[in-house]
Amino acid sequence: MLFNRQPIQSDLELHSLSKDGAGAAIQADTPLEFVVYAVILVFISALWYESDAYRYAAPLLVVPALAHYLRVHRSFPDRPRIGIVGLLCVAWGLYVAARYAYTVVARPDVGDGTSEGIYLLPLLYPTFGYALWLYVRRPFIIAVSFVLISFVVVLYGADIPSLTSVQRADFSLHQNPIHAAGATGMVVLCLLPFMIYVSRAKTLSEELRLPLLGIAMLAFTIGLINTYGLQSKGAWLALAIALPFQIILMLWMHNARATIISALVLAAFLCLALVFAWNGIWTVAGDTINAIILLVANIADIGLRQAVDHAISDQTLPSSFRQRLVLWASAVLIWGDNPLFGLGVAWEHIWNYRAHPQARFNLLHNGYLEIAIRYGVVGLSFYIVLFAWAIRRVWQASRYGLIDVTVFQAYVSILIFFCGTILTNSNVRLALGESYMMMAAGFGF
């Protein structure tokens, strides 16, 4: 299975349930088990349909898990512990809450910001991870369900006529094509590791293995086509980094000849697809690429500040490129007022007096600046430490045999993709980003 639930003694600080089963929250092959799996699928459903459903699903996992811990596990001598990073998440949540409360009470004139509640969510990360560990008995059921749902969604979104026109592919399940491309890219990065796992799983019969491989392969191919058709430059760039990285991971971590040959064939296929798609890619992104090259040259020639000001005022450059520069330049200047701790929820009040008011919205189109303008270097450092730690934990778990190595391949590749997409979009403030960050951090716990 994807997870090996046998207890180990190691620095992972993962603990077994009691030998008599007193710690078990649910039993396999019961209706409750499948209800929990359905709730988990609803939690990650922003991948398929953009909504805030995860906000309703999360308490259904976290609250019973916390109650179970207080009722059962708290008295165990070897009870699960959240560790230093878990305490850091709690401290961060309390810090955000205290700072928010102080601003609202002491400075009501500056308002209460926008989308500020998401920075409290790390309070739930350790317990969410505990809930996953507690309730997920057979993760392969969730994995198969994920692939089947993803196949239906990418098939629904397939818009072949758009590939030969300037129109973007169907994105009716999401608010805009950029959000749809980000979600589809994550789905694509889940499918290769799934195919590798299924092809290697000795417990699967051929009657089950071949259909799963076929469905996953179709979903992967159609998903790639959909991502191309959605014309999101940020998603293209992030996938161009994450997908080759995933293939390299597979080549490095698997010694089986069949896996190596499959990875090399896939790499050749992707190179060939890139050749055929290049004209379309250049049509969409060529002006932006040229603008970036010009900006870099001007930075080397006249300095960063003047180069950015020149690019903002240059009407010949792509509008979307200039709008992002306007937002980023204004955000950096405001962040500079308090680079270490940021402006807290008062940032939006100051945003009303930004240096470049041309872009009339407060989505900064950069997830790093979304954090930095609020909580500065301290906030960025918190998230960097948290997810670097989570990567290390997942890697350790794969080395100890607690999870299959394909889980690590999917995990780290999706994280790289997400970090790439938030360079040009505020995905941390979307349902997709909020639910992903909780799942990724929770999985580390």
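So, α10 crosses α11 left-handed, meaning the near helix is turned anticlockwise from the far one by less than a right angle. Helices here are DSSP runs of H or I, at least four residues, numbered from the N terminus. Before I go on: this is a predicted model, where local features need pLDDT of at least 70, side-chain atom pairs count only at pLDDT 80 or more, and totals for chains, interfaces and linings use all residues. Numbering starts from 1 along each chain as its sequence is written, and side-chain values use heavy atoms, with hydrogens and water left out.

Back to our pair. α10 covers residues 304-313 and α11 covers 319-335; they pack at about 140°, axes 9 Å apart. Those axes are lines fitted to C-alpha atoms over the stretch in contact, with angles from 0 to 180 degrees between N-to-C directions.

Who touches whom? From α10, Arg305, Val308, Ala311 and Ile312; from α11, Phe321, Arg322, Leu325, Val326, Ala329 and Leu333. Contact means heavy atoms within 4.5 Å.

Now the core. The largest nonpolar core has 133 residues, and Leu386 is among those with the most contacts inside it. Such a core is a set of buried Ala, Val, Leu, Ile, Met, Phe, Trp, Tyr and Cys residues joined through side-chain atoms within 4.5 Å. Leaving out residues up to four places away in sequence, Leu386 touches Val85, Cys89, Tyr125, Ala441 and Phe445.

Last stop: Ala346, in the loop between α11 and α12. Buried or exposed? Ala346 has 8% relative accessibility, so it counts as buried, the cut-off being under 20% relative accessible area with a 1.4 Å probe, protein chains only.

Definitions and conventions. Helices (H or I, at least four residues) and strands (E, at least two) are DSSP runs, numbered from the N terminus. Buried means under 20% relative accessible area, exposed over 50%, partly exposed in between (1.4 Å probe, protein chains only).
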